Amino acid sequence: MSAKKVITSGMRPTGSLHLGNLIGALENWVKLQDEYQCFYFIVDWHSLTTPGSQNSVGYQYTTNLADNIYQMALDWLSAGLDPNKSTIFIQSHVPEVAELFLLLGMITPLGWLERNPTYREMLEDYKIEYPTYGLLGYPTLQAADILIYKGEYVPVGKDQESHVNLARDIAGRFNNIYGKNVFPLPEALLTQMPKVPSLDNPNRKMSKSSGNYIAIAHSPEETVERVKSMFTDPAKIRKNDKGHPDGCVVFSFHTIYNKEKIDLIRFECQEGKRGCVDCKMELANVMNKALFEIRERRKELANRPQYIKEVLFEGAQKARSVAQKTLAEVKEVMKLNY
Ligand code: TRP
């Protein structure tokens with residue numbers, strides 16, 4: 001047994017990832033690999049609960065799921081998740097998770113799930129008239145994901161904090177009921193990451209569904225095109241007009257990719273000494289430089305689909321052996337080990 005603390009985190013398979021995913025999550029996951037024992041998984045089951053993957057009558061679009069999983073795994077490895085350091089796999093390849101989910105479902109109070117803010121938002125935002133059992137149970141499944149590997153820290157965005165807290169409550173309740181601390185009480189690891197805005201709106205997060213994003217997988221040319229489309233200060237029309245960098249998407253990206261020059265850029269923009277066209281070209285160049293290596297690696301890995309499969313397969317084997325131990329312990333304290 002290693003003395004390293006255990007980290008667990010998952011991502012829904014949305015296909016190829018954008019810079020929000022990279023900067024907001026992946027880069028952090030990569031850093032955590034050395035200090036922690038990390039379990040990183042692609043949550044294909046969770047993706048079946050979300051309205052985004054359904055049509056208007058609730059039919060689940062699973063057609064693209066396999067490719068979405070593959071594209072995301074490619075991005076994960078390109079970004080530097082390392083199968084020699086971390087356990088990287090697909091959620092459903094560890095069927096023990098489903099069994100723990102079922103058992104945790106027996107002790108998760110309905111009220112906790114009904115009060116879950118993400119559930120309530122989901123019903124409203126997507127106008128869901130007939131919510132499913134799976135959607136309501138989303139946090140219980142997430143708890144199973146975390147607890148089966150005895151996760152202690154869970155690196156997630158603020159939007160997932162309530163789910164991690166629920167996992168913590170479920171773990172505590174289980175330990176209490178069965179009189180043994182089988183599960184550590186997981187904690188969200190909220191690391192301050194720069195906000196990555198949508199290309200068209202400095203106040204919205206970059207998201208795939210809006211289309212206003214830059215992907216890891218995009219070519220340098222595509223990146224230039226997308227940077228050109230970024231929202232800038234509407235009051236700055238001519239090159240020499242004085243600009244307002246706060247509220248300009250290009251400037252937000254400079255704060256991420258061009259940190260050393262940020263004071264100069266702000267000054268030049270405010271003084272009317274920097275035109276938006278040049279400012280965008282400079283940004284596209286620094287971004288393409290920063291993304292060069294990860295994109296090269298992606299191209300290289302894309303030629304080795306068999307390797308990606310192997311990584312995920314071997315990851316699942318490792319994860320299963322841990323999961324089986326936990327499940328055996330769970331059944332023992334529940335007196336289900338007959
Ligand atoms: N619900 C998380 C999200 O949408 C994904 C997820 C599933 C997860 N299981 C997890 C995250 C376990 C952390 C730990 O982002």
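Is arginine 274 buried or exposed? Arginine 274 is buried, with a relative accessible area of 8%; buried means under 20%, exposed over 50% and partly exposed in between, using a 1.4 Å probe and protein chains only.

The model is predicted, so local features need pLDDT of at least 70 and side-chain atom pairs count only at pLDDT 80 or more, while totals for chains, interfaces and linings use all residues. Residues are numbered from 1 along each chain as its sequence is written, and side-chain values use heavy atoms, with hydrogens and water left out.

A salt bridge is a side-chain nitrogen of Lys or Arg within 4 Å of a carboxyl oxygen of Asp or Glu.

Select arginine 266 and aspartate 246, another salt bridge, with the closest N and O atoms 3.0 Å apart. This pair links distant parts of the chain, 20 residues apart: arginine 266 lies in helix H12 (residues 262-270) and aspartate 246 in the loop between H10 and helix H11 (249-257). Helices (H or I, at least four residues) and strands (E, at least two) are DSSP runs, numbered from the N terminus. Arginine 266 is partly exposed at 27%, whereas aspartate 246 is exposed at 55%.

Finally, display the whole protein chain: its secondary structure comes to 14 helices and seven strands, and 48% of its 338 residues count as buried.
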